Amino acid sequence: MPKNSKVVKRELDDEVIESVKDLLSNEDSAEDAFKKSELIVDVQEEKDTDAEEGSEVEDERPAWNNKLQYILAQVGFSVGLGNVWRFPYLCQKNGGGAYLLPYLILLMVIGIPLFFLELAVGQRIRRGSIGVWNYISPKLGGIGFASCVVCYFVALYYNVIIGWTLFYFSQSFQQPLPWDQCPLVKNASHTYIEPECGKSSATTYYWYREALDISSSISESGGLNWKMTVCLLAAWVMVCLAMIKGIQSSGKIMYFSSLFPYVVLICFLIRALFLNGSIDGIHHMFTPKLEIMLEPKVWREAATQVFFALGLGFGGVIAFSSYNKRDNNCHFDAVLVSFINFFTSVLATLVVFAVLGFKANVVNEKCIAQNSEMIIKLLKMGNISQDIIPHHINLSAVTAEDYHLVFDIIQKVKEEEFHVLQLNSCQVEDELNKAVQGTGLAFIAFTEAMTHFPASPFWSVMFFLMLINLGLGSMFGTIEGIITPIVDTFKIRKEILTVICCLLAFCIGLIFVQRSGNYFVTMFDDYSATLPLLIVVVLENIAVSFVYGIDKFIEDLKDMLGFAPSRYYYYMWKYISPLMLLSLLIASVVNMGLSPPGYNAWIEEKASEEFLTYPLWGMVVCISLIVLAILPVPVIYVIRRYNLIDDSSGNLASVTYKRGRVLKDPVNLEGDDASLIHGKITSEMSSPNFGKNIYRKQSGSPTLDTAPNGRYGIGYLMADMPDMPDMPESSDL
């Protein structure tokens, strides 16, 4: 065995005869030399040493090929399906153009500061979420584990949506599109339209019956939907192959998955602007309803959208930034990605409402034609006098303006019995006011609009390919938020962990591809993410601002960025953001308590949705999702508060420190050939001649080794010791 290893082993086997306090108070010459070599260093020498340390760690940790790849990864993670089908819905529902004002205010108050905070801690500590929060405060290390659990819950159902999109994408290569017309049913005597489709619409029927083959309640499983099972498997295979090599594989895919949606959105916008009625949709979208903007609910929903749009609390932001160089300007990244996300939402909203404006005009034209025929019948029956109809109006080919004129005249003349005539006003605004969100927007409203497009299969292929890319970009960040912290903490091979993670997720995800699977997607979306993520981000803000110390964090940022961040962030992180987050958390809990826990079930006989409450077992599952997501926080706190698990071996996310910098994960102290200095092989290291007065706790000690900086780990004695005076070796060595 090399001599250096013997020295290390002898030192590790010594009994503890002094406490840390005694160790620090020892004043012999060797200890003075040790302290000076560690703490009193020339500024230039310290910079050189730090640079060496940083480069060594960076060489060992994967890194982004370039800044563009990293920005695209963060944009791909933050820009997702919510930008296309949730933001437009909220904008329409909460005051149109006026909704943008509270959204922008909350983006500045909550979004950018907290996004900057997550980028900074990931880049500074260069670990995933588990390692980051272990470093900030070991007792709050459960925050990282909670992030991983929430990420996994979200990944389970989010990839199901990608599976649905893959199914529609595969069905788009047909002319006409399969959801263009209601199917016909033949019997012995005649042919008729499928009753369920006739009561709803072709696109609605295709979604619920052909795609999902949905059951009438969450309690009615109905078995697996094999088409969606195959699509879910394909979705997980795609994610696994993209993530198996970490950022080395997913980073290259980001060039396509992050940029392609913008190409499609711009193409859709240009095409939609030439469609009849598209301007009506955009005008309706940006007509501000200022009275709605003053309602507290609008601000709560805007804050929630900001929160989820940037992916705060998932761990993906921290994981991606951990592969950056420490001197990267993460403040610029935070502002850039946040505003790219916002403008993407506005662009998607323009596209959505241009298309919905076109759809509303198509529906309105049908409405006018049907009601004009009804007026002609009423005229023939004598229910309406021909004299009240203006002579210049031809009801067989009436325009929208002429129809509205006739409608108003009939309404005034037949005021008392007008409701018996059952005439519809056929206003475009009425159709646009029918708020559609989520899957209803993507798989029902948009698909219906595209059936009226010239070359509809081409636009359908482009639209669903865009959704696949948006979904995969978010999935990469979500999976990275799970894989990176586990690999950093437990030193598992990334390839093996990725395969196991995806395989297990597919097996669990089979509950989402039952005939009742859509109802479980709704359950997970409502209960597994919203409340747990809010709690996680509140704890993140508190951990940095009040546990680690906001002043110390600002100094770290100054050292890392080369300039002091604006004082604005100091006040946001310490006062405003925590108060806003706590208010949002309380409002969400109250809203969840007041809203009956349930889901919208598709009733086949009625061919419509009906709100149903969850059964007792469903309520238990909902509560369990919230509890399981948050459980790691109190569990880890109790374990580390009362030292219930021996962490002296450095296996539970221990890290090594020097002046607040992470150097390297500690090696296992029990190995004979383990090097204590930067993990170098023994032949490369100088003899670590510690004085006789430096002792360690035994490896079997029930308490944790504690460094003078108060952190868990073995860091203080593992730091570089330049200019260490030679000490005579003990005679027994």
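Ser474 is buried, since its relative accessible area is 7%. Buried means under 20% relative accessible area, exposed means over 50%, and partly exposed is in between, using a 1.4 Å probe and protein chains only.

Some ground rules. This is a predicted model, where local features need pLDDT of at least 70 and side-chain atom pairs count only at pLDDT 80 or more, while totals for chains, interfaces and linings use all residues. Residues are numbered from 1 along each chain as its sequence is written, and side-chain values use heavy atoms, with hydrogens and water left out.

Now the overall picture. The protein has 30 helices and six strands. These are DSSP runs, numbered from the N terminus: helices are H or I with at least four residues, strands are E with at least two. Of the 733 residues, 56% are buried. The accessible surface is about 31,700 Å², and carbon and sulfur atoms hold 61% of that. That area comes from the Shrake-Rupley method with a 1.4 Å probe; for residues, only the protein chains shown count as cover. Take the contacts with a separation of 6 or more: 80% of them join residues 24 or more positions apart. Contact here means heavy atoms within 4.5 Å.

Back to Ser474. Ser474 sits in helix 24. Not counting residues up to four places away in sequence, Ser474 touches Gly76, Phe77, Val79, Gly80 and Tyr158. One polar atom of the Ser474 side chain lies 3.3 Å from the backbone oxygen of Phe77. That is a polar contact: a pair of N or O atoms within 3.5 Å, where within protein one must be able to donate a hydrogen and the other to accept it, and residues adjacent in sequence count only if both atoms are side-chain atoms.

Which residues does UniProt list for "binding site"? An unreviewed UniProt entry lists Gly76, Val79, Asn83, Asn341, Leu470 and Ser474. They span 399 residues in sequence, yet no two of their C-alpha atoms are more than 12.5 Å apart, so they gather at one spot. A caution: UniProt positions follow the numbering used here, feature names are shortened, and annotations may be inferred rather than shown by experiment.

Leu470 lies in helix 24, residues 456-490. Leu470 counts as buried because its relative accessibility is 4%. Setting aside neighbours within four places in sequence, its contacts are Gly76, Val79, Gly80, Leu81, Val84, Tyr158 and Pro261.

Next, the nonpolar cores. A nonpolar core is a set of buried Ala, Val, Leu, Ile, Met, Phe, Trp, Tyr and Cys residues joined through side-chain atoms within 4.5 Å. The largest has 187 residues, and Trp133, Trp236 and Phe268 have the most contacts inside it. Helix 26, residues 517-561, gives this core its largest share, 23 residues. Phe268 contacts several residues beyond four places in sequence, including Val351, Phe446, Trp459 and Phe463. A second, separate core has 18 residues, among them Cys367, Ile384, Leu423 and Cys426.

Two of those names come back now. How many disulfides does a search of the whole structure find? There are two. A disulfide is called when a pair of cysteine sulfur atoms lies within 2.5 Å.

Cys182 is in the loop between helix 10 and strand 1, Cys197 is in helix 11, and they are 15 residues apart. Cys197 is buried, at 1% relative accessibility.

Another disulfide links Cys367 and Cys426, with sulfur atoms 1.9 Å apart. Cys367 lies in helix 19 (residues 330-381) and Cys426 in the loop between helix 21 and helix 22, so the pair ties together parts 59 residues apart in sequence. Both Cys367 and Cys426 are buried. In sequence order, the bonded cysteines pair 1-2, 3-4.

What about Cys240? Cys240 is in no disulfide; the nearest cysteine sulfur, that of Cys502, is 4.3 Å away.

Last stop: Asn361, in helix 19. Asn361 is buried, at 12% relative accessibility. A polar atom of its side chain lies 2.9 Å from the backbone oxygen of Gly357. Asn361 and Gln427 are 66 residues apart along the chain, with 9.0 Å between their C-alpha atoms.
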